[in-house]
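Have a look at the model first, and then follow the questions below.

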Amino acid sequence: MRTGNAPLAAGVIAVALCACGGGATSPEKVVNDTTAAVYNDDLNAMQSHFDDALRQQVTIAGVSTLSAKLHAFGAYKGVTQTAADQTGGRYDYTAAFDNATLAVHVRMDQDGRIAAFRIDVPQRVAANN
Amino acid sequence: MGTVRAMNMKRTLASAALAGTLALTAIPVAPALADGAASTRNIIGGAALVGGTLLIINHNKKVHQKEDEMASAQAQAEESANNAQAAYEAERRAYQAQVAINGEYKHEVAVQHSMIVQMREQLASAQRAGYVASAPAQQPQRVATTSYGWGTL
């Protein structure tokens, strides 16, 4: 009896671990954390989700500028996925703020890291800041 | 009125002069050399006759002058009246022309209004038949954006 239940228990534990780990690496969570890091002008937190090539393109001033633009729309509330192409690694989201909803586009590499991250900011705000 | 009064005065003076002349004529004229009294009377009568004649001539002169002035004034008044009449006629013609133009405008407005009513009826008929949308479709509002971030999608 004892020997017969061991594989079952191991399977349950394995499924539970997979469920927890899968949520942590989902593109939506990565994009949400990255967008929040940009909003908070947190360079390190943002770069932790970028791949090596993209990390080379980031500048401190660029993050601060984009953070200031996003603050013009109020508090950040989170992202919602609007399109997904898992084969090409392309995902589209809408980032909700108090006063606006902006489009967020990302490209993920095979390791689940961000290879491109872009936010569409209305030009009237982009010109003011 | 002035002319009639002048004529009456003229007639009265002429009558007086004629009466004086007849009176002198009716008096038997004595021979000039008869005596001094008769000569004196003759001289006085002649002087009176000449004085009356001069008075009449002077009066006639004044009357003619007055008549000339009145005629001149009347001519000026007639000229002014003619000018006013001409100006009135010109103004009247301009007014009548404007009235005619207004009538044409009214007619044009009526024709255009009729055309608008007809086109509205045609549009309503087309909308009922489904050929034309009753109102333009609401286009989604697009906001120009600038892309910020890193990397190429």
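**Contacts, core and sheet**

Q: With which residues is I114(A) in contact, leaving aside its neighbours within four places in sequence?
A: In this predicted model, I114(A) is in contact with V30(A), T34(A), H49(A), F50(A), D51(A), L54(A), V106(A) and M108(A). What makes each of these a contact is that the C-beta atoms of the two residues lie within 7 Å.

Q: Which residues touch the most other members of the largest nonpolar core?
A: They are V31(A), V104(A), V106(A), I114(A) and A116(A), out of the 24 residues in that core. Helix 2, helix 5 (60–71), strand 2, strand 3 and strand 4 of chain A each supply at least two residues. Strand 4 of chain A gives the most, with six residues.

Q: What makes D41(A) partly exposed?
A: Count its neighbours: D41(A) has 17 C-beta neighbours inside 10 Å. A buried residue needs 20 or more, and an exposed one has 12 or fewer. The value of 17 falls in between, so D41(A) counts as partly exposed.

Q: What is the phi of D41(A), and where is its place?
A: Its phi is positive, about 55°, although D41(A) is not a glycine. Most residues other than glycine have a negative phi. You can find D41(A) in the loop between helix 2 and helix 3 (43–47) of chain A.

Q: How do you know that strand 4 of chain A and strand 1 of chain B pair?
A: Pairing takes at least two bridges. Six bridges join strand 4 (residues 114–122) of chain A to strand 1 (residues 145–150) of chain B, so the two strands pair. They run antiparallel. Along them, R118(A) has G149(B) as its bridge partner, and V121(A) stands opposite T146(B).

Q: In what order do the strands of the open sheet come, and why is one side of each edge strand left without a neighbour?
A: The five strands follow the order 1(A)-2(A)-3(A)-4(A)-1(B), with antiparallel pairing. Strand 1 (76–85) of chain A and strand 1 of chain B stand at the edges with a single partner strand each, so one side of each has no neighbour in the sheet. On average, neighbouring strands are turned by 25° against each other, direction ignored. Helix 2 (residues 27–39) of chain A packs on this sheet, touching strand 1, strand 2 (90–97), strand 3 (101–108) and strand 4 of chain A. The direction of helix 2 makes about 140° with that of strand 1 of chain A.

Q: How many residues does each chain bring to the contact between chain A and chain B?
A: Chain B brings 11 residues and chain A brings 18 residues. By class, the side of chain B that touches chain A has five nonpolar, six polar and no charged residues.

Q: Where in chain B is the confidence lowest, and where is it highest?
A: Helix 1 (residues 2–26) of chain B is lowest, with a mean of 60, while strand 1 of chain B is highest, at 92. Chain B averages a pLDDT of 80, and 73% of its residues score at least 70. The model scores ipTM 0.77 and pTM 0.45.

Technical notes:
Residues numbered from 1 in each chain as written. Chains lettered and ligands numbered in written order. Predicted model: local features only at pLDDT ≥ 70, side-chain atom pairs only at ≥ 80, totals over all residues. Nonpolar A, V, L, I, M, F, W, Y, C, P; charged D, E, K, R; others polar. Helix = DSSP H or I, 4+ residues; strand = E, 2+ residues; numbered from the N terminus. Axes fitted to C-alpha atoms, helices over the stretch in contact; angles between N-to-C directions. pLDDT = per-residue confidence, 0-100. Core = buried A, V, L, I, M, F, W, Y, C linked by C-beta atoms within 7 Å.
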